[in-house]
Amino acid sequence: MRQPSSSRRSLLTGGATLGLAALAGCSAPSIETHDSETRVVSPEGFDSLEVLNLNGNVAVEPWDGDDVEVNIVKRGFITKNLDSVEVDIGGSDALTVARLVHDDDPEPVVVNIDVRVPSDFPVTHASTSNGSVEVHGTTGDLEVRTTNGNVDVRDIDGFVGATASNGSITAATVGGLDEVRTTNGSVEVDVPAIRTDTGIETSNGSIQAALADTLNARLVAQTSTESIDVSGLSLTDASISRTRVDGTLGDGGPTLTTLTKNGSIELSLLEE
């Protein structure tokens, strides 16, 4: 497995108080310990980047450098706990940045991973369980996942799919849209294209979707408690009520479904 070509590391112990949410709800002493490390690795020989975290945020953005720069910040209350948490960088086809999981991992330790990639190096996956995920300005079809946290994806030259459980999802200025689903949170997305039946769904939250005027699809929108606004769209063969819309966009095609139980739906025309 490949290793980073260089590394910079620093350790800081200070008197900052961590919020309960930041450290998974655990009551602990108020002395916070930081462990910060930057690693740099060449993308040569890899076809894409994947980032897999567990507890902590993930952020990916492009830069002008030729290498991949990974900044890792561990936060906890005991220095030896930070030292026992590992982040591996390597892989075969994809360059993978991953927090390793062990049965005896100390809790709570939060690891934030910020990655900068060459602008032409594809980013295909970014995920965490407890934390937000932000990916801006990258190339390649992208899958983003989190359980407890928000997703913010912007300026992606490729199709984007996103999943969350407790958090909102934003996908703006993307090449196309795959499945987008959350349970508790709002959804705001651009839909320039779809390539198969595609769902935009939440259980508790509103949906705002801007659809390209070149989109050919069957459109189904449904809410249980609020209303649906499609006044900016040109639909044919349409059946429209306050809580359900079924119609055709352009020449028709795969089904685009927007669904929420508790929230409104606003479907508008995507501005070029």
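Predicted model: local features only at pLDDT ≥ 70, side-chain atom pairs only at ≥ 80, totals over all residues.
Local features were taken at pLDDT of at least 70 and side-chain atom pairs at pLDDT 80 or more, while totals for chains, interfaces and linings use all residues. Residues are numbered from 1 along each chain as its sequence is written, and side-chain values use heavy atoms, leaving out hydrogens and water.

The protein chain holds one helix and 22 strands (DSSP runs of H or I with at least four residues, and of E with at least two, numbered from the N terminus). Of its 272 residues, 47% are buried, where buried means under 20% relative accessible area, exposed over 50%, and partly exposed in between (1.4 Å probe, protein chains only).

In soluble globular proteins, nonpolar side chains tend to be buried together. Here, the largest nonpolar core has 59 residues, and Leu49 and Val60 are among those with the most contacts inside it. Such a core is a set of buried Ala, Val, Leu, Ile, Met, Phe, Trp, Tyr and Cys residues joined through side-chain atoms within 4.5 Å. Beyond four places in sequence, Leu49 touches residues including Val60, Leu95 and Val115, a contact being heavy atoms within 4.5 Å.

Threonine 255 lies in strand E21 (residues 255-262) and is buried, at a relative accessible area of 18%. Its contacts outside the four neighbouring places include Ile194, Asp197 and Arg218.

Most residues other than glycine have a negative phi. Threonine 173, in strand E13, has a positive phi of about 55° and is partly exposed at 47% relative accessible area. Aspartate 237, in strand E19, has a positive phi near 50° and is exposed at 71%.
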